[in-house]
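I opened the model and kept notes on what I looked up. Entries follow in the order I made them.

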Amino acid sequence: MLDTFSNAELKHINVQPRSGTAADTVVTRDDYADAVTEITSWDGYAKSPLHALQNLSNAMELGAIFYKDEGTRFGLGSFKALGGSYAGLRVIQRELSKKLGKEISARDVRKRIYADDVASITLVSATDGNHGKSLSWGAQRFGAPCHIYIHRDVSEPRAQAMRDFGATVIRVDGDYDASVDAARNDANENGWFVVSDTSWEGYTQPPVDVMAGYGVMTKEIFEQMDTAPTHVFIQCGCGGLAAGVAASFRQLWGEAAPQIVIVEPELAPCLFETAKAGKKTDVVVQEETLMAGLSVGEPSGIAWQILSEEASDYVTIPETLIAPAMRLLARPIGNDPKVVAGESAIAGLAALMAGAQHTSLRDALRLTNQSRVLLIGSEGATDPAIYEALVNG
Ligand SMILES: Cc1ncc(COP(=O)(O)O)c(C=O)c1O
(Lines give C-alpha, C1' and ligand atoms only; values in the text may rest on other atoms or scores of the structure.)
Protein backbone atom coordinates (compact mmCIF):
# COMPACT_ATOMS: atom_id res chain seq x y z
CA MET A 1 0.00 0.00 0.00
CA LEU A 2 2.77 2.43 0.89
CA ASP A 3 4.42 1.69 -2.50
CA THR A 4 1.55 3.48 -4.26
CA PHE A 5 2.85 6.68 -2.74
CA SER A 6 6.55 6.06 -3.23
CA ASN A 7 6.01 5.30 -6.93
CA ALA A 8 3.86 8.38 -7.58
CA GLU A 9 4.93 11.31 -9.74
CA LEU A 10 4.60 14.60 -7.90
CA LYS A 11 5.56 18.07 -9.01
CA HIS A 12 7.25 20.25 -6.43
CA ILE A 13 8.69 23.74 -6.38
CA ASN A 14 10.37 25.53 -3.56
CA VAL A 15 10.15 29.34 -3.49
CA GLN A 16 11.55 32.05 -1.29
CA PRO A 17 8.55 33.65 0.45
CA ARG A 18 8.48 37.44 0.02
CA SER A 19 8.89 39.58 3.07
CA GLY A 20 5.88 41.60 4.15
CA THR A 21 3.11 42.02 6.68
CA ALA A 22 0.18 40.29 4.96
CA ALA A 23 -0.16 37.73 7.77
CA ASP A 24 -1.09 40.53 10.13
CA THR A 25 -2.97 42.90 7.84
CA VAL A 26 -5.20 40.92 5.45
CA VAL A 27 -7.05 39.14 8.25
CA THR A 28 -6.18 40.99 11.44
CA ARG A 29 -5.90 39.63 14.97
CA ASP A 30 -9.18 41.39 15.75
CA ASP A 31 -10.88 39.75 12.74
CA TYR A 32 -9.86 36.32 14.02
CA ALA A 33 -10.75 37.12 17.63
CA ASP A 34 -14.23 38.43 16.69
CA ALA A 35 -14.92 35.31 14.62
CA VAL A 36 -13.79 33.01 17.43
CA THR A 37 -15.94 34.79 20.02
CA GLU A 38 -18.99 34.66 17.76
CA ILE A 39 -18.72 31.13 16.36
CA THR A 40 -17.80 29.44 19.64
CA SER A 41 -21.03 30.89 21.11
CA TRP A 42 -23.22 29.08 18.53
CA ASP A 43 -25.38 26.12 19.57
CA GLY A 44 -23.64 22.89 18.68
CA TYR A 45 -20.12 24.27 18.85
CA ALA A 46 -17.53 21.66 19.87
CA LYS A 47 -13.78 21.46 19.32
CA SER A 48 -12.83 19.11 16.51
CA PRO A 49 -10.34 16.37 17.43
CA LEU A 50 -6.60 16.43 16.69
CA HIS A 51 -5.41 12.86 16.14
CA ALA A 52 -1.81 11.66 16.48
CA LEU A 53 -0.97 9.07 13.79
CA GLN A 54 2.11 7.68 15.52
CA ASN A 55 2.40 4.34 13.72
CA LEU A 56 2.13 6.04 10.35
CA SER A 57 4.72 8.57 11.43
CA ASN A 58 7.09 5.77 12.50
CA ALA A 59 6.59 4.04 9.15
CA MET A 60 7.49 7.31 7.39
CA GLU A 61 10.49 7.90 9.69
CA LEU A 62 9.08 11.21 10.84
CA GLY A 63 8.80 12.59 14.38
CA ALA A 64 5.00 12.88 14.47
CA ILE A 65 1.95 13.27 12.23
CA PHE A 66 -1.09 15.12 13.54
CA TYR A 67 -4.46 15.12 11.77
CA LYS A 68 -7.04 17.79 12.57
CA ASP A 69 -10.35 16.09 11.82
CA GLU A 70 -12.91 18.61 10.57
CA GLY A 71 -15.39 15.90 9.61
CA THR A 72 -17.28 16.55 12.82
CA ARG A 73 -17.63 20.33 12.50
CA PHE A 74 -21.17 21.47 13.46
CA GLY A 75 -22.56 18.28 11.93
CA LEU A 76 -21.84 19.72 8.46
CA GLY A 77 -18.89 17.49 7.66
CA SER A 78 -16.22 20.07 6.84
CA PHE A 79 -14.18 23.04 8.09
CA LYS A 80 -16.20 25.20 5.68
CA ALA A 81 -18.95 25.24 8.32
CA LEU A 82 -16.85 27.93 10.00
CA GLY A 83 -16.52 30.24 7.00
CA GLY A 84 -19.61 30.74 4.80
CA SER A 85 -22.04 30.81 7.70
CA TYR A 86 -20.02 33.43 9.56
CA ALA A 87 -19.42 35.57 6.46
CA GLY A 88 -23.18 35.39 5.76
CA LEU A 89 -23.92 36.60 9.27
CA ARG A 90 -21.52 39.53 8.79
CA VAL A 91 -23.18 40.49 5.48
CA ILE A 92 -26.58 40.48 7.19
CA GLN A 93 -25.19 42.52 10.08
CA ARG A 94 -23.67 45.14 7.77
CA GLU A 95 -26.73 45.41 5.53
CA LEU A 96 -29.10 45.70 8.50
CA SER A 97 -26.92 48.39 10.07
CA LYS A 98 -27.06 50.37 6.80
CA LYS A 99 -30.79 49.90 6.39
CA LEU A 100 -31.73 50.73 9.98
CA GLY A 101 -29.15 53.50 10.36
CA LYS A 102 -27.66 52.08 13.55
CA GLU A 103 -25.03 49.53 14.52
CA ILE A 104 -26.62 46.06 14.71
CA SER A 105 -24.73 43.41 16.67
CA ALA A 106 -24.11 39.84 15.57
CA ARG A 107 -26.03 38.77 18.65
CA ASP A 108 -29.13 40.69 17.49
CA VAL A 109 -28.97 38.85 14.17
CA ARG A 110 -28.43 35.52 15.88
CA LYS A 111 -31.38 36.15 18.21
CA ARG A 112 -33.55 37.09 15.19
CA ILE A 113 -34.44 40.52 16.66
CA TYR A 114 -34.91 41.98 13.15
CA ALA A 115 -36.38 38.90 11.48
CA ASP A 116 -38.62 40.82 9.02
CA ASP A 117 -35.72 42.91 7.75
CA VAL A 118 -33.40 39.92 7.47
CA ALA A 119 -36.01 38.12 5.35
CA SER A 120 -35.37 40.68 2.59
CA ILE A 121 -31.57 40.13 2.51
CA THR A 122 -30.89 37.32 0.04
CA LEU A 123 -27.49 35.62 0.26
CA VAL A 124 -25.96 34.05 -2.85
CA SER A 125 -22.93 31.97 -3.70
CA ALA A 126 -21.45 29.55 -6.18
CA THR A 127 -20.04 26.37 -4.68
CA ASP A 128 -18.76 22.89 -5.38
CA GLY A 129 -20.40 21.75 -2.16
CA ASN A 130 -19.03 22.59 1.24
CA HIS A 131 -19.02 26.40 1.14
CA GLY A 132 -22.60 26.46 -0.14
CA LYS A 133 -23.68 24.03 2.55
CA SER A 134 -22.19 26.30 5.20
CA LEU A 135 -23.87 29.38 3.75
CA SER A 136 -27.26 27.61 3.44
CA TRP A 137 -27.00 26.41 7.02
CA GLY A 138 -26.09 29.88 8.29
CA ALA A 139 -28.80 31.59 6.21
CA GLN A 140 -31.40 29.22 7.61
CA ARG A 141 -30.17 29.84 11.18
CA PHE A 142 -30.30 33.60 10.77
CA GLY A 143 -33.49 33.71 8.68
CA ALA A 144 -32.17 34.97 5.32
CA PRO A 145 -33.17 33.54 1.93
CA CYS A 146 -30.31 31.79 0.14
CA HIS A 147 -29.60 30.94 -3.51
CA ILE A 148 -26.76 28.56 -4.31
CA TYR A 149 -25.28 28.06 -7.80
CA ILE A 150 -23.64 24.73 -8.61
CA HIS A 151 -21.90 23.49 -11.75
CA ARG A 152 -22.80 20.44 -13.82
CA ASP A 153 -20.46 18.07 -11.92
CA VAL A 154 -21.56 18.76 -8.34
CA SER A 155 -23.06 15.52 -7.04
CA GLU A 156 -26.81 15.38 -6.43
CA PRO A 157 -26.49 14.39 -2.73
CA ARG A 158 -24.37 17.53 -2.20
CA ALA A 159 -27.07 19.64 -3.90
CA GLN A 160 -29.77 18.00 -1.79
CA ALA A 161 -27.86 18.73 1.43
CA MET A 162 -28.15 22.45 0.62
CA ARG A 163 -31.85 22.19 -0.27
CA ASP A 164 -32.34 20.49 3.08
CA PHE A 165 -31.05 23.68 4.69
CA GLY A 166 -33.68 25.68 2.80
CA ALA A 167 -31.53 26.97 -0.07
CA THR A 168 -32.75 27.36 -3.63
CA VAL A 169 -30.17 25.44 -5.67
CA ILE A 170 -29.56 26.41 -9.30
CA ARG A 171 -27.55 24.03 -11.45
CA VAL A 172 -25.63 25.79 -14.21
CA ASP A 173 -24.69 23.97 -17.42
CA GLY A 174 -20.97 24.69 -17.23
CA ASP A 175 -17.99 24.48 -14.92
CA TYR A 176 -17.28 26.10 -11.54
CA ASP A 177 -16.33 29.43 -13.15
CA ALA A 178 -19.66 29.46 -15.01
CA SER A 179 -21.50 29.01 -11.72
CA VAL A 180 -19.53 31.91 -10.20
CA ASP A 181 -20.51 34.14 -13.15
CA ALA A 182 -24.17 33.13 -12.89
CA ALA A 183 -24.24 33.85 -9.14
CA ARG A 184 -22.64 37.27 -9.65
CA ASN A 185 -24.93 38.23 -12.55
CA ASP A 186 -28.14 37.18 -10.79
CA ALA A 187 -27.03 38.96 -7.60
CA ASN A 188 -26.41 42.19 -9.55
CA GLU A 189 -29.75 42.00 -11.32
CA ASN A 190 -31.77 41.25 -8.20
CA GLY A 191 -30.00 43.21 -5.47
CA TRP A 192 -28.80 40.03 -3.71
CA PHE A 193 -25.57 39.71 -1.73
CA VAL A 194 -22.73 37.48 -2.87
CA VAL A 195 -21.03 35.63 -0.01
CA SER A 196 -18.00 34.08 -1.68
CA ASP A 197 -15.04 32.26 -0.17
CA THR A 198 -12.78 33.55 -2.94
CA SER A 199 -11.89 37.19 -3.60
CA TRP A 200 -11.48 39.19 -6.79
CA GLU A 201 -10.70 42.78 -7.75
CA GLY A 202 -12.95 45.00 -5.64
CA TYR A 203 -14.51 42.13 -3.66
CA THR A 204 -12.71 41.18 -0.46
CA GLN A 205 -14.79 41.59 2.71
CA PRO A 206 -16.79 38.32 2.77
CA PRO A 207 -13.69 36.24 1.84
CA VAL A 208 -11.79 37.95 4.69
CA ASP A 209 -14.66 37.01 7.03
CA VAL A 210 -14.59 33.44 5.71
CA MET A 211 -10.87 33.16 6.51
CA ALA A 212 -11.43 34.76 9.92
CA GLY A 213 -13.94 31.98 10.64
CA TYR A 214 -11.25 29.38 9.99
CA GLY A 215 -9.45 30.97 12.95
CA VAL A 216 -11.67 28.86 15.22
CA MET A 217 -9.86 25.78 13.89
CA THR A 218 -6.37 27.28 14.17
CA LYS A 219 -6.98 28.52 17.70
CA GLU A 220 -8.09 25.01 18.69
CA ILE A 221 -4.94 23.54 17.12
CA PHE A 222 -2.82 26.08 18.99
CA GLU A 223 -4.43 24.92 22.22
CA GLN A 224 -4.22 21.21 21.31
CA MET A 225 -0.47 21.21 20.48
CA ASP A 226 2.31 21.68 23.04
CA THR A 227 4.64 23.24 20.50
CA ALA A 228 4.28 24.39 16.91
CA PRO A 229 4.45 21.74 14.19
CA THR A 230 7.47 21.97 11.89
CA HIS A 231 5.36 21.56 8.71
CA VAL A 232 1.74 21.95 7.60
CA PHE A 233 0.77 20.11 4.41
CA ILE A 234 -2.43 21.77 3.33
CA GLN A 235 -4.72 21.34 0.35
CA CYS A 236 -5.89 24.26 -1.77
CA GLY A 237 -8.78 25.14 -3.98
CA CYS A 238 -8.77 28.94 -4.18
CA GLY A 239 -6.27 29.12 -1.30
CA GLY A 240 -8.57 30.58 1.37
CA LEU A 241 -8.10 27.66 3.76
CA ALA A 242 -4.31 27.62 3.44
CA ALA A 243 -4.01 31.40 3.73
CA GLY A 244 -6.38 31.57 6.70
CA VAL A 245 -4.36 28.88 8.45
CA ALA A 246 -0.93 30.31 7.52
CA ALA A 247 -1.74 33.86 8.64
CA SER A 248 -3.27 32.70 11.89
CA PHE A 249 -0.33 30.41 12.69
CA ARG A 250 2.08 33.29 12.04
CA GLN A 251 0.07 35.45 14.47
CA LEU A 252 -0.08 32.69 17.09
CA TRP A 253 3.42 31.21 16.81
CA GLY A 254 5.49 34.08 15.36
CA GLU A 255 8.99 32.98 14.32
CA ALA A 256 8.19 29.39 15.34
CA ALA A 257 5.35 29.17 12.79
CA PRO A 258 5.55 26.02 10.63
CA GLN A 259 6.77 25.59 7.06
CA ILE A 260 3.69 25.81 4.82
CA VAL A 261 3.45 23.21 2.03
CA ILE A 262 0.64 23.89 -0.44
CA VAL A 263 -0.89 20.80 -2.06
CA GLU A 264 -3.14 20.77 -5.15
CA PRO A 265 -4.52 18.26 -7.62
CA GLU A 266 -2.40 18.13 -10.78
CA LEU A 267 -5.69 18.77 -12.63
CA ALA A 268 -6.18 22.18 -10.92
CA PRO A 269 -2.77 23.62 -9.99
CA CYS A 270 -3.65 27.34 -9.84
CA LEU A 271 -1.48 28.17 -6.84
CA PHE A 272 1.41 26.06 -8.12
CA GLU A 273 1.35 28.05 -11.37
CA THR A 274 0.88 31.30 -9.45
CA ALA A 275 3.93 30.58 -7.27
CA LYS A 276 5.96 29.57 -10.33
CA ALA A 277 5.06 32.79 -12.14
CA GLY A 278 5.40 34.93 -9.00
CA LYS A 279 2.03 36.51 -9.75
CA LYS A 280 -1.61 35.50 -9.63
CA THR A 281 -2.16 33.09 -12.52
CA ASP A 282 -5.34 31.29 -13.57
CA VAL A 283 -5.38 27.80 -15.05
CA VAL A 284 -8.07 26.18 -17.17
CA VAL A 285 -9.49 23.09 -15.48
CA GLN A 286 -9.77 20.67 -18.45
CA GLU A 287 -10.92 17.71 -16.41
CA GLU A 288 -12.56 17.69 -12.98
CA THR A 289 -10.52 16.15 -10.19
CA LEU A 290 -12.26 13.73 -7.84
CA MET A 291 -11.23 16.15 -5.10
CA ALA A 292 -14.25 18.34 -5.85
CA GLY A 293 -13.44 21.02 -3.27
CA LEU A 294 -10.02 21.57 -4.84
CA SER A 295 -11.19 21.92 -8.44
CA VAL A 296 -10.55 25.64 -8.81
CA GLY A 297 -8.76 27.44 -11.66
CA GLU A 298 -8.51 30.91 -10.17
CA PRO A 299 -6.68 31.66 -6.92
CA SER A 300 -8.15 34.08 -4.42
CA GLY A 301 -6.23 37.38 -4.62
CA ILE A 302 -6.15 37.96 -0.89
CA ALA A 303 -5.15 34.35 -0.25
CA TRP A 304 -2.20 34.76 -2.63
CA GLN A 305 -1.20 37.98 -0.84
CA ILE A 306 -0.74 35.89 2.33
CA LEU A 307 0.66 32.74 0.73
CA SER A 308 3.26 34.65 -1.30
CA GLU A 309 4.77 35.66 2.06
CA GLU A 310 4.09 32.51 4.08
CA ALA A 311 4.32 29.43 1.83
CA SER A 312 7.66 27.99 0.74
CA ASP A 313 6.61 24.80 -1.07
CA TYR A 314 4.00 23.93 -3.70
CA VAL A 315 3.19 20.33 -4.63
CA THR A 316 0.73 18.73 -7.04
CA ILE A 317 -0.58 15.19 -6.65
CA PRO A 318 -2.05 12.74 -9.18
CA GLU A 319 -5.56 11.31 -8.91
CA THR A 320 -4.15 7.82 -8.29
CA LEU A 321 -3.29 8.73 -4.69
CA ILE A 322 -6.79 9.75 -3.58
CA ALA A 323 -8.36 6.38 -2.78
CA PRO A 324 -5.17 4.92 -1.22
CA ALA A 325 -4.86 7.93 1.11
CA MET A 326 -8.52 7.66 2.15
CA ARG A 327 -8.05 3.94 2.81
CA LEU A 328 -4.93 4.56 4.85
CA LEU A 329 -7.02 6.65 7.25
CA ALA A 330 -10.00 4.26 7.19
CA ARG A 331 -7.79 1.22 7.85
CA PRO A 332 -4.85 2.65 9.77
CA ILE A 333 -1.60 1.02 10.82
CA GLY A 334 -1.75 -0.71 14.23
CA ASN A 335 -3.62 1.25 16.85
CA ASP A 336 -3.63 4.61 15.05
CA PRO A 337 -7.17 6.05 15.19
CA LYS A 338 -9.56 5.27 12.32
CA VAL A 339 -10.52 8.44 10.48
CA VAL A 340 -13.31 9.02 7.95
CA ALA A 341 -11.80 11.43 5.43
CA GLY A 342 -13.54 12.64 2.28
CA GLU A 343 -11.81 12.88 -1.08
CA SER A 344 -10.89 16.57 -0.70
CA ALA A 345 -9.45 16.04 2.78
CA ILE A 346 -6.51 13.80 1.99
CA ALA A 347 -4.38 15.78 -0.50
CA GLY A 348 -2.02 16.91 2.27
CA LEU A 349 -1.62 13.35 3.54
CA ALA A 350 -1.04 11.98 0.02
CA ALA A 351 1.70 14.55 -0.65
CA LEU A 352 3.32 13.84 2.71
CA MET A 353 3.30 10.07 2.11
CA ALA A 354 4.94 10.49 -1.29
CA GLY A 355 7.28 13.25 -0.14
CA ALA A 356 8.53 11.35 2.91
CA GLN A 357 9.46 8.33 0.79
CA HIS A 358 11.13 9.96 -2.25
CA THR A 359 14.66 10.73 -1.09
CA SER A 360 15.13 13.91 -3.12
CA LEU A 361 11.67 15.25 -2.32
CA ARG A 362 12.12 14.40 1.36
CA ASP A 363 15.25 16.53 1.40
CA ALA A 364 13.66 19.30 -0.64
CA LEU A 365 10.73 19.47 1.78
CA ARG A 366 13.18 19.37 4.71
CA LEU A 367 11.48 16.31 6.21
CA THR A 368 13.53 14.46 8.86
CA ASN A 369 12.93 12.02 11.68
CA GLN A 370 12.39 15.09 13.90
CA SER A 371 9.60 16.59 11.75
CA ARG A 372 6.24 17.07 13.41
CA VAL A 373 3.78 17.40 10.55
CA LEU A 374 0.26 18.78 10.79
CA LEU A 375 -2.41 17.77 8.27
CA ILE A 376 -5.76 19.52 8.00
CA GLY A 377 -8.42 16.86 7.49
CA SER A 378 -10.76 19.30 5.88
CA GLU A 379 -13.82 17.07 5.41
CA GLY A 380 -15.43 13.80 6.39
CA ALA A 381 -17.63 11.72 4.09
CA THR A 382 -19.56 14.70 2.68
CA ASP A 383 -20.87 12.46 -0.12
CA PRO A 384 -21.27 9.01 1.50
CA ALA A 385 -21.74 7.16 -1.83
CA ILE A 386 -18.47 8.55 -3.23
CA TYR A 387 -16.73 7.74 0.05
CA GLU A 388 -18.01 4.17 -0.01
CA ALA A 389 -16.96 3.65 -3.64
CA LEU A 390 -13.44 4.97 -3.04
CA VAL A 391 -12.75 3.31 0.30
CA ASN A 392 -14.57 -0.01 -0.07
CA GLY A 393 -15.19 -0.22 -3.83
C1 LIG B 1 -12.98 19.71 1.95
C2 LIG B 1 -12.26 20.86 1.38
N3 LIG B 1 -10.94 20.98 1.58
C4 LIG B 1 -10.23 22.00 1.09
C5 LIG B 1 -10.84 22.98 0.34
C6 LIG B 1 -10.01 24.09 -0.21
O7 LIG B 1 -10.32 25.33 0.37
P8 LIG B 1 -9.97 26.68 -0.40
O9 LIG B 1 -10.85 26.75 -1.61
O10 LIG B 1 -10.28 27.74 0.60
O11 LIG B 1 -8.54 26.62 -0.78
C12 LIG B 1 -12.22 22.91 0.09
C13 LIG B 1 -12.90 23.92 -0.71
O14 LIG B 1 -14.07 23.82 -1.03
C15 LIG B 1 -12.95 21.83 0.63
O16 LIG B 1 -14.27 21.70 0.44
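**Glu343.** I started with the contacts of Glu343, where contact means heavy atoms within 4.5 Å. Leaving aside neighbours within four places in sequence, I found Glu343 in contact with Arg158, Leu290, Met291, Ile322, Met326, Glu379, Ile386 and Leu390. The side chains of Glu343 and Arg158 make a polar contact of 2.9 Å. A polar contact is a pair of N or O atoms within 3.5 Å; within protein, one must be able to donate a hydrogen and the other to accept it, and residues adjacent in sequence count only if both atoms are side-chain atoms. Glu343 sits in the loop between helix 16 (322-330) and helix 17 (347-357). Helices (H or I, at least four residues) and strands (E, at least two) are DSSP runs, numbered from the N terminus. Glu343 counts as buried, at 1% relative accessibility. Buried means under 20% relative accessible area, exposed over 50%, and partly exposed in between (1.4 Å probe, protein chains only).

**Ground rules.** I noted that this is a predicted model: local features need pLDDT of at least 70, side-chain atom pairs count only at pLDDT 80 or more, and totals for chains, interfaces and linings use all residues. Residues are numbered from 1 along each chain as its sequence is written, and side-chain values use heavy atoms, with hydrogens and water left out.

**Ser136.** I placed Ser136 in helix 8 (residues 130-142). Ser136 is buried, with a relative accessible area of 0%. Not counting residues up to four places away in sequence, Ser136 touches Cys146, Ile148, Met162, Phe165 and Ala167.

**Thr227.** Is Thr227 buried or partly exposed? I read a relative accessible area of 45%, so Thr227 is partly exposed. Thr227 lies in the loop between helix 12 (215-224) and strand 8 (231-235). Beyond residues up to four places away in sequence, Thr227 touches Trp253 and Arg372. The side chains of Thr227 and Arg372 are joined by a polar contact of 3.0 Å. These two residues are 145 residues apart along the chain, yet their C-alpha atoms are separated by 9.5 Å.

**Ligand.** Of the 16 residues around the ligand, Asn130, Gly237, Gly239, Leu241 and Ser378 come nearest. A polar backbone atom of Gly239 is 2.8 Å from an oxygen atom of the ligand. A backbone N or O atom of Leu241 also lies 2.8 Å from a ligand oxygen. An N or O atom in the side chain of Ser378 is 2.8 Å from a nitrogen atom of the ligand.

**Cysteines.** How many disulfides does the structure hold? I found zero, taking a disulfide as a pair of cysteine sulfur atoms within 2.5 Å. The sulfur of Cys236 has its closest cysteine sulfur in Cys270, 7.5 Å away, which is too far for a bond. Cys238 is in no disulfide either; its nearest cysteine sulfur, that of Cys270, is 7.8 Å away. Cys236 is buried at 1% relative accessible area, and Cys238 counts as buried at 9%.

**Helix 15.** Eight of the 10 residues of helix 15 (residues 301-310) are buried, so the helix is largely enclosed by the rest of the structure. Among the buried ones I listed Ile302, Trp304 and Leu307. The buried residues of helix 15 pack against several elements, including helix 13 (240-253), strand 9 (259-265) and strand 10 (311-317).

Terms used
A residue is near a molecule or strand if one of its heavy atoms lies within 4 Å of it.
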